[in-house]
Amino acid sequence: MAELTPQEQLNRLRSSIDNIDSALIHMLAERFRCTQAVGELKAEHQMPASDPGREKRQVARLRALAEDAQLDPAFAEKWFNFVVAEVIQHHVTLAEAREA
């Protein structure tokens, strides 16, 4: 069998990256569906939009997972903080809508 050209190798790698990106988007969508339900529950029961204790535990857990996966733990923490900030904003919006 003939060896792949550099362009063919690049195309295969990019195809894998595209598949991974698609999976990540679908996983994030599922995550936000779950956090939407959490936000609705919190709003219904007048619970705070954020849970700093849980967030701290999650950061520690995700940093450890990142290390095990040979991913920069600081990057994993930045990603988590970005996502959590968006989730908290959604929760605040839900709570405000319920109060109106």
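Reply: Three helices, α1 (6-44), α2 (52-68) and α3 (73-99), each put at least two residues into the lining of the largest pocket. Helices here are DSSP runs of H or I with at least four residues, numbered from the N terminus. The model is predicted, so local features need pLDDT of at least 70 and side-chain atom pairs count only at pLDDT 80 or more, while totals for chains, interfaces and linings use all residues. Residues are numbered from 1 along each chain as its sequence is written, and side-chain values use heavy atoms, with hydrogens and water left out.

α2 contributes the most to this lining, with five residues. The lining has 13 residues in total. Nearest the pocket centre lie Leu24, Leu28, Arg31, Leu62 and Trp79. By class, ten lining residues are nonpolar, one is polar and two are charged. Nonpolar means Ala, Val, Leu, Ile, Met, Phe, Trp, Tyr, Cys or Pro; charged means Asp, Glu, Lys or Arg; the others, Gly among them, are polar.

A pocket is an open set of points on a 1 Å grid over the protein atoms alone, where a 1.4 Å probe fits, with protein on both sides within 12 Å along at least five of seven lines; lining residues have an atom within 4 Å of a point. The space in the largest pocket comes to about 440 Å³. That volume is the space filled by probe spheres set on the points, which are joined across faces, edges and corners.
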